[in-house]
Amino acid sequence: MSPIAYTAAIIAITVFLFVWNKLPVVFVAMLTALALWATGVLTLGQALGGFGDPAVIFIASLFVVSSGLEATGVTAWAGQLLIRGAGEESRTRLLVLTMVLVSLLTALISVNGAVAALLPVVVVIAVRLRRNSSQLLMPLVFAAHAGSMLALTGTPVNVLVSEAATDAEGRGFSFFEFALVGVPLLAGTMAIIVLFGKQLLPERNGATMPADFSQHAKTLVEQYGLSSGIYQMRVRASSPFVGVPSSGIDLSAYPELQLVAVQEGETAGPIKRQQLAEGDHFLVRGEAESAAVFAAEMHLAFRDEKAAGQGEETLFNRSSGLAEVVIPPRSGLIGETVFPGMVTDSGDLIVLAVQRAGAQIAAGGATRDAVGIVLQAGDTMLLQGTWKALDVHLDDPDILVVNSPELVRRQAVPLGPGARQSVIILIAMVLLLATGIVPPTVAGLLAAGAIILSGIMSVEQSYRAIGWTTVILVGAMMPLSTAMVQTGAAKLMAEHLVSLVGDAGPVALLAGLFVLTATMGQLISNTATALIVIPIGVAAATAMGISPRPVLMSTAVAAAGAFLTPIATPTNLMVMGPGGYAFNDYWKLGLPLLIWFFVVSVFIVPLIWRF
């Protein structure tokens with residue numbers, strides 16, 4: 001067999017395996033790269049060279065930046081703005097605000113990141129406003145697909161077509177150049193959804209809905225009896241507590257008050273210094289009158305007058321949070337003694353309360369020894385500490401965490417620690433990409449590195465943030481494009497396509513490429529589809545003597561039109577359960593949108609990027 005025949009066979013088998021969907025897409029992609037080497041179409045270096053491609057590195061760095069925005073509560077803040085702005089009555093306003101928000105987020109942090117961040121927010125809105133989630137979630141995803149065409153960072157396909165334009169003409173697409181076609185795509189998408197979505201979408205809710213953590217703090221403080229009577233007081237410079245050892249705090253003169261914890265002023269964590277200093281905090285529990293007298297006599301200031309006495313605000317805020325843990329059977333903590341106000345062995349967490357069978361256990365109860373509560377299997381503890389301490393120290397086999405502090409923080413704490421830094425890093429990355437001062441890969445790496453160096457995420461967290469399926473898929477499929485160009489397969493397919501459209505001209509070429517790209521994109525990854533179609537389009541443009549730029553942009557638009565099936569993109573699948581959708585629900589709204597994408601791709605793109 002000739003190299004072209006081998007390449008055609010590998011493409012056919014790859015597409016079949018993607019559609020069959022019985023093997024992981026990463027496995028299929030790796031088999032594709034290895035098959036190109038095994039058949040002699042490419043050398044081993046060429047077959048695996050995609051993993052070192054700048055576009056792959058750039059895509060990986062975007063995942064880190066996206067996760068940094070989510071981890072610092074920037075996306076939670078955006079979601080709360082949506083809830084406040086949407087109101088309760090207007091379906092149109094709710095849909096428009098939702099679609100605008102997700103499209104803007106998508107342009108900056110990718111489709112997967114934006115939909116993952118807003119999915120629980122939109123589900124909660126559906127529950128609170130008593131609307132069917134099926135009426136909101138598909139518009140969320142389809143608007144994200146349209147929003148991916150607003151900027152270079154919207155989708156890996158944009159990066160691929162820009163790189164292909166650079167290879168073909170020495171000049172890629174600029175950061176916001178995609179918006180020239182993205183804006184009409186988004187406007188048309190929003191209009192179709194607002195006007196016809198109610199009739200074309202089902203009226204139902206999903207069987208499984210994501211957890212809502214927006215009221216998590218209130219639930220915990222009420223369950224553990226801490227909803228009122230908790231005060232956080234700041235030590236003033238004139239306080240007699242300044243210079244006193246933290247272990248020597250005595251509240252015996254105030255029998256109505258109980259000292260819960262002593263916190264460092266800067267970190268809001270348990271104090272580790274030998275002596276108290278100005279700015280440190282007391283967590284005190286008791287009657288409001290007694291707390292006021294104590295604060296006045298000891299020169300203490302309520303840290304937040306508005307939140308004084310409110311356990312939810314005092315214990316759960318931007319600096320620190322709460323976590324509920326369960327003592328499992330065979331835990332090493334069974335038989336250990338704890339008491340409210342105790343600092344854990346790590347020195348970073350405070351035990352606020354202990355419950356057994358849902359009832360509070362007092363330190364003076366019958367199940368204690370001389371100094372505290374003896375833990376048993378099934379007991380639950382409420383722990384308080386900085387968000388970083390909760391993330392680090394709850395990874396312990398001796399306890400079971402009821403709800404991940406990281407997930408709770410991302411939903412319930414808008415603009416948390418590091419939010420300002422993450423926004424500044426995002427703006428700096430966008431400016432670098434928009435001005436073209438450095439290559440996109442360098443801008444992405446600088447932004448990802450800044451996320452780690454600023455302490456927003458650790459190196460390990462950044463590894464977990466990367467969508468390795470997408471990265472490996474792109475890296476392993478890139479050699480297929482190389483093989484198509486190197487063997488002449490792309491040129492051959494392009495010649496057939498050009499001969500098929502005949503004298504109809506370049507517009508017919510765009511129509512043919514759109515149909516090919518959009519059809520494949522409903523069945524396999526749109527990124528994999530783009531990697532197959534891009535070399536065909538470039539070769540066809542060369543054969544017809546026209547610029548490849550409109551061909552490449554048209555291909556990007558077609559790849560974004562993945563509306564007709566749930567398997568077209570991960571985000572289509574992501575909303576299938578929460579929205580209660582069936583396989584056949586997608587094409588009803590997706591088909592009108594795909595027709596609009598066809599109009600933009602074939603007739604509007606050539607008006608902006610001339611042949």
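Visitor: Which ring does the charged end of Arg 549 sit over?
Guide: This is a predicted model. In it, the charged end of Arg 549 lies 4.4 Å from the centre of a ring and sits over that ring. The ring belongs to Phe 173.

Visitor: How many aromatic pairs does the structure hold?
Guide: Rings count as a pair if their centres lie within 6.5 Å. The number of aromatic pairs in the structure is twelve.

Visitor: Is the pair of Tyr 254 and Phe 294 stacked, tilted or edge-to-face?
Guide: The ring centres of Tyr 254 and Phe 294 are 5.0 Å apart, and their planes stand at 70°. Planes over 60 degrees apart count as edge-to-face. The pair of Tyr 254 and Phe 294 is therefore edge-to-face.

Visitor: How many residues apart are Tyr 254 and Phe 294?
Guide: Tyr 254 is in the loop between β1 (228-235) and β2 (257-263), while Phe 294 is in helix α12 (residues 288-297). The pair links distant parts of the chain, and both residues are buried. Their separation is 40 residues.

Visitor: Which parts of the chain does the pair of Phe 563 and Phe 597 tie together?
Guide: This aromatic pair is edge-to-face, with 5.0 Å from centre to centre and 90° between the planes. Both Phe 563 and Phe 597 are buried. Phe 597 lies in one part and Phe 563 in another, 34 residues away in sequence, so the pair ties together helix α26 (residues 585-608) and the loop between α23 (548-560) and α24 (570-574).

Visitor: Are helices α4 and α19 roughly parallel or roughly antiparallel?
Guide: Helix α4 (residues 54-71) and helix α19 (residues 468-487) pack with their axes 10 Å apart, at an angle of about 175°. Among the residues that meet are Ala 55 and Phe 63 in α4, and Thr 470 and Met 478 in α19. Angles over 145 degrees count as roughly antiparallel. The two helices, α4 and α19, are therefore roughly antiparallel.

Terms used. Residues are numbered from 1 along each chain as its sequence is written. This is a predicted model: local features need pLDDT of at least 70, side-chain atom pairs count only at pLDDT 80 or more; totals for chains, interfaces and linings use all residues. Side-chain values use heavy atoms; hydrogens and water are left out. Rings of Phe, Tyr and Trp (its six-membered ring) pair if their centres lie within 6.5 Å; planes under 30 degrees apart count as stacked, over 60 as edge-to-face and the rest as tilted. Helices (H or I, at least four residues) and strands (E, at least two) are DSSP runs, numbered from the N terminus. Buried means under 20% relative accessible area, exposed over 50%, partly exposed in between (1.4 Å probe, protein chains only). A charge sits over a ring if NZ of Lys or CZ of Arg is within 6 Å of the ring centre and within 35 degrees of the ring normal. Axes are lines fitted to C-alpha atoms, for helices over the stretch in contact, and angles run from 0 to 180 degrees between N-to-C directions. Angles under 35 degrees count as roughly parallel, over 145 as roughly antiparallel, 65 to 115 as roughly perpendicular and the rest as oblique. Contact means heavy atoms within 4.5 Å.
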